[in-house]
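Have the sequence and the 3D view open as you read.

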Amino acid sequence: MRLFRDTVHATRQLSRCFRRRKGSNSMTIVSQFIDAVRQRRITPKTILDIGAHDGRESCTLSRAFPRAHVHSFEAHPSFQDACGKAIKGDSAISLHRCAVGDMDGSVPFYVVDTSQVPKDPGASSLLRSNGQFDDVLPLPQRETRVQSVRLDTWARQHNVAACDA
């Protein structure tokens, strides 16, 4: 529980430093995050990249904080291999092929169906779309199942006592 509380606190502190701006992308957000960590003179030892997508952000974080170990979590079956290839050879990054959620075990995962609407497959989620924005950005989903892990369970299994970033 302490890991989760410390992680939430650190994330809240750092998230105040930047906001997603119109036209920004995930690498811009990661750069802002790196700057915020450095400004606070934090030297992270453990970094969690939850929803690692293709692994680029994990690699960027690993280069920015060479003393840290980056744990990349990716649940989307189509992204896991790309993420693995991106981080291959970097011993400071570990890929965990699962979702991070509120329970351990097999859970529903809602994959954006790009065969119907070629949108961002990275919008796939543990959460089903409620259709509220379908008139602006329809994201047809198909349900599959993935493995999920709670952060406290994962931390115990991997002997991680604290998360810095």
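Q80 is buried, with a relative accessible area of 13% (buried means under 20%, exposed over 50% and partly exposed in between, using a 1.4 Å probe and protein chains only). Keep in mind that this is a predicted model, where local features need pLDDT of at least 70, side-chain atom pairs count only at pLDDT 80 or more, and totals for chains, interfaces and linings use all residues. Numbering starts from 1 along each chain as its sequence is written, and side-chain values use heavy atoms, with hydrogens and water left out.

**Around Q80**
- You'll find Q80 in helix α4 (residues 77-87); helices are DSSP runs of H or I with at least four residues, strands are E runs of at least two, and both are numbered from the N terminus.
- Leaving out neighbours within four places in sequence, Q80 is in contact (heavy atoms within 4.5 Å) with E74, A75, L95, R97 and C98.
- The Q80 side chain also gets to the backbone oxygen of A75, at 3.4 Å.

**Around S125**
- S125 sits in the loop between β5 (105-112) and β6 (141-149).
- Not counting residues up to four places away in sequence, S125 touches F109 and Y110.
- A polar atom of the S125 side chain lies 2.8 Å from the backbone nitrogen of L127.
- S125 and G51 are 74 residues apart along the chain, with their C-alpha atoms separated by 9.3 Å.

- The protein averages a pLDDT (the predictor's confidence in each residue, from 0 to 100) of 81, and 77% of the residues score at least 70.
- Confidence is highest in strand β3 (residues 93-96), at a mean of 97, and lowest in helix α1 (residues 2-15), at 47.
- Over residues 1-22, pLDDT stays under 50.

How values were computed
Polar contact = N/O pair within 3.5 Å; in protein donor to acceptor, adjacent residues only side chain to side chain.
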